[in-house]
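Colleague: I am new to reading protein models, and I would like to go through one slowly with you. Could we look at it together and take one feature at a time?

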Amino acid sequence: MRRRAFTGADALLVAALVLGNGAMFLRGWGGSPAAVEVITPAGRERVALGAPRRLEARGPLGITVIRVDAEGARVESSPCGLQLCVRTGRVSRPGQAVACLPNRVAVLVRGSRPGGVDAVGR
Amino acid sequence: MRSAADPRRLARLGLLIALAGALHALESLLPSPVPWFRLGLGNAVVLTSLHLGGVRDGAWVGLGKVLVGGLLTGRLLGPGFLLALAGTAAAVAAMALALRAAPPLGFVGVSAVGAEAHALAQLAVASLVLVQTPALWSLAPLLGTLALAAGCLTGLVAHALSRALDDVTDP
């Protein structure tokens with residue numbers, strides 16, 4: 001029934017947890033949603049969230065229409081067969097994504113980086 | 001294994017629940033830089049109970065901590081109570097698992113895991129039940145890291161407390 005206070009295993013575990021938190025942060029979770037990244041065969045483009053806009057992303061099958069507003073984004077239409085991207089609906093949390101694989105278009109929600117939280121209420 | 005009604009065990013449970021509840025209540029009254037964030041000394045007592053008596057004893061002290069703490073601060077059944085309950089339940093589960101599954105772990109590691117589980121469970125409950133905005137998860141890395149640090153500290157406290165009680169209560 002003797003258990004040590006601090007062992008090598010502890011150091012490893014704590015290090016792993018710290019890295020886990022860091023990973024959460026880097027994946028955009030360390031901030032409120034601030035922008036979406038639209039990825040197409042042509043490249044990546046970062047679009048800030050804000051007033052409602054309509055984006056067109058071109059892929060091999062045609063144009064995927066993306067609606068971006070202050071809270072997130074969704075795929076409005078796409079030239080794919082199953083329309084899974086349209087059916088996914090809105091994404092609004094940093095780290096969430098919606099993608100049209102046949103047309104090779106992806107939309108990722110990105111958080112703002114350090115200082116993303118403006119205020120925390122009780 | 002002693003029987004469940006062993007008076008020594010009951011006395012120890014009573015002592016630990018009172019201690020955990022008092023610590024929990026006191027901490028909640030102290031000002032904190034990040035809202036909701038506490039050192040979690042009550043969890044050090046919970047860990048001690050887990051170590052000395054097993055999962056059930058740990059669960060009793062966890063429950064007692066939240067109830068007694070709630071009674072002392074007069075905030076029973078409010079949102080803070082719900083969060084404390086969720087966090088403590090997660091911490092007990094995580095620490096019990098860690099104690100069982102990883103013998104080479106010391107108090108610090110087990111406590112750190114418990115603290116992280118505590119913080120994440122509270123975020124989950126808060127985002128589902130209380131605040132309902134996904135932006136709440138943006139706090140996860142910050143609260144998680146703070147919880148880790150606090151967990152390491154309380155692990156050391158738990159170790160000291162376990163040693164002290166071990167000497168007193170075990171034949």
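Colleague: What percentage of the 122 residues in chain A do buried residues make up?

Modeller: A residue is called buried under 20% relative accessible area, exposed over 50%, and partly exposed in between, with a 1.4 Å probe and only the protein chains counted. In chain A, buried residues make up 38% of the 122 residues. Before we go on, please note that this is a predicted model, in which local features need pLDDT of at least 70 and side-chain atom pairs count only at pLDDT 80 or more, while totals for chains, interfaces and linings use all residues. Residues are numbered from 1 along each chain as its sequence is written, chains are lettered from A and ligands numbered from 1 in the order in which they are written, and side-chain values use heavy atoms, with hydrogens and water left out.

Colleague: How many helices and strands does the secondary structure of chain A come to?

Modeller: Helices (H or I, at least four residues) and strands (E, at least two) are DSSP runs, numbered from the N terminus. Chain A has two helices and seven strands, and from the N terminus on they follow one another as α-β-β-β-β-β-α-β-β.

Colleague: In what order do the three strands of the open sheet with β3 stand in chain A?

Modeller: Two strands pair if DSSP finds at least two bridges between them. Here the order is β3-β4-β5 in chain A, and the pairing is antiparallel. Because β3 and β5 of chain A stand at the edges with a single partner strand each, one side of each is left without a neighbour in the sheet. From one strand to the next, the twist averages 35 degrees, where axes are lines fitted to C-alpha atoms and angles run from 0 to 180 degrees between N-to-C directions.

Colleague: Which strands are at the edges of the four-stranded open sheet of chain A?

Modeller: That sheet has the order β2-β1-β7-β6 in chain A, with antiparallel pairing. Its edge strands are β2 (43–48) and β6 (97–100), each of which pairs on one side only. The twist in this sheet averages 20 degrees from one strand to the next. Between β6(A) and β7(A) (residues 105–111) there are four bridges in the antiparallel sense, and Cys100(A) has Val105(A) as its bridge partner.

Colleague: Is Leu71(B) buried or exposed?

Modeller: Leu71(B) counts as exposed because its relative accessibility is 60%, and its place is in helix α3 of chain B. Helix α3 (residues 55–73) of chain B gives the largest share of the nonpolar patch, four residues.
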